[in-house]
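Subject: Structure handover

Hello,

Here is the structure I promised to pass on. Please open it and keep it beside this note while you read.

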Amino acid sequence: MASLRDPLPVRSITLPNRLWFPPVARDLATADGAVTDDNVEAYRKIAAGGVGTVVVEHCFVHPDGRFSAKQIGIDRDEAIAGLARIADVIRSCNAVPIAQISFAGPRTSTGRKLGPSPVPLPGESTPAEPMTEEYIGRMPSLFEAATRRALAAGFAGVEIHGAHGFLLSSFFSPLTNHRTDAYGGALQARGRLALEVVAAARRHASAQFLIGFRLGADDGQDGGLVPEDAAQLGRWLQEAGVDILSISGGLCGSRPARLSDRQGYFFPQASIVKAGVSIPVVGVGGVTDPAAARDAVARGVVDLVAVGRRLMADPDWAARALSLQ
């Protein structure tokens, strides 16, 4: 029976324990996406508390894919030095640093709402601007370049953002992907772009470098992506080179109102995905009770537990959780 204190080997890297800090946007970067002292200090506080793995908030791979005005960028080589400061401070606290890389697509609040089809995300009124096949074809190289920069900055891996209605998530969902070309229709076609992105990142990464994927496993709406679809996507993602799957929401976002009062509200979806893969699976969803994290790992529901906002408010929570018997 696994415990929160147990290390977890993945490729040639050993995660020190089963607590995982997920990417939580801070908006502390400069106007052009450069890392600031505030970014570095925020991650020092988190890593110093004892969490084993720290995933740095979504870093945009291209200005067109920016989510917010002060989001961190990983879109150019000049960003490497600043990103290295974050990786170094996380590693100095004996935690494993991972950078999430993303393209916001229809979720952007700063520019073009690029997406698979000219439909709005649920709850929004502005339709996405449908991407041409030529533009879609640029995505793998953008994520590959971001992976190269993360490796150069000293991160142990990257996590590709495929949840919360961001670009890859919007391609997964039949609610937002109405395409009739090679990137739309059946589930495998809707997942094609994500698989191409993963394959490109894996080609560039070293054998020791981790490739994670944050998978939006449930749209939470009739006609949308369901956990059983996500389980199949998880199998394909593993085959493409993903080492760790972090399971969250799809078009419903990270904190759906109908679930947000539960501990580990995406654990059921994570369990369904976990049953179909042989790589570690991270569960997330409003965890504040250390016992809930301990029990999920002990029962094998998930391999790692993501705790975000609770650790931001109280980084020492990790040490208390790890002390549980």
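To start: is Gln269 buried or exposed? Gln269 is buried, at 7% relative accessibility. Buried means under 20% relative accessible area, exposed means over 50%, and partly exposed is in between (1.4 Å probe, protein chains only).

Two notes on the source. This is a predicted model: local features need pLDDT of at least 70, side-chain atom pairs count only at pLDDT 80 or more, and totals for chains, interfaces and linings use all residues. Residues are numbered from 1 along each chain as its sequence is written, and side-chain values use heavy atoms, with hydrogens and water left out.

Overall build

The protein has 12 helices and 12 strands. Both are DSSP runs, numbered from the N terminus: helices are H or I with at least four residues, strands are E with at least two. The radius of gyration is 18 Å, close to the 20 Å that the globule rule gives for 325 residues, so the protein is as compact as a globular protein of that length. That radius is taken over C-alpha atoms, and the rule is 2.2 Å times the number of residues to the power 0.38. The C-alpha trace spans about 55 × 40 × 35 Å along its principal axes.

Of the 325 residues, 59% count as buried. Take the contacts with a separation of 6 or more: residues 24 or more positions apart account for 70% of them. Contact means heavy atoms within 4.5 Å.

Surface and charge

The accessible surface comes to about 11,900 Å². Carbon and sulfur atoms hold 50% of that surface. Areas come from the Shrake-Rupley method with a 1.4 Å probe; for residues, only the protein chains shown count as cover.

There are 33 positive and 33 negative side chains. The centres of the two sets lie 3 Å apart. Lys and Arg count as positive, Asp and Glu as negative; His and the chain ends are not counted. Each charge is placed at NZ of Lys, CZ of Arg, CG of Asp or CD of Glu.

Cysteines

How many disulfides does a search of the whole structure find? It finds zero. A disulfide here is a pair of cysteine sulfur atoms within 2.5 Å. For Cys93, the nearest cysteine sulfur is that of Cys59, 18 Å away. Cys93 is partly exposed, with a relative accessible area of 21%. Cys252 is partly exposed too, with a relative accessible area of 21%.

Positive phi

Most residues other than glycine have a negative phi. Asn94 is not a glycine, yet has a positive phi of about 70 degrees. Asn94 sits in the loop between helix H2 (80-92) and strand E5 (96-102). It is exposed, at 64% relative accessibility.

His164 also has a positive phi, of about 60 degrees, and is not a glycine. Its loop runs between strand E8 (157-162) and helix H5 (167-172). His164 is buried, with a relative accessible area of 10%.

Two more places to look

Back to Gln269, which lies in helix H9 (residues 267-274). Leaving aside neighbours within four places in sequence, Gln269 is in contact with Ala217, Asp218, Pro227 and Ile247. Gln269 and Ile80 are 189 residues apart in sequence and 35 Å apart in space, C-alpha to C-alpha.

Asp314 is in the loop between helix H11 (309-313) and helix H12 (317-322). Asp314 counts as buried, at 18% relative accessibility. Asp314 and Lys45 are 269 residues apart in sequence, but 9.3 Å apart in space, C-alpha to C-alpha.

Best wishes
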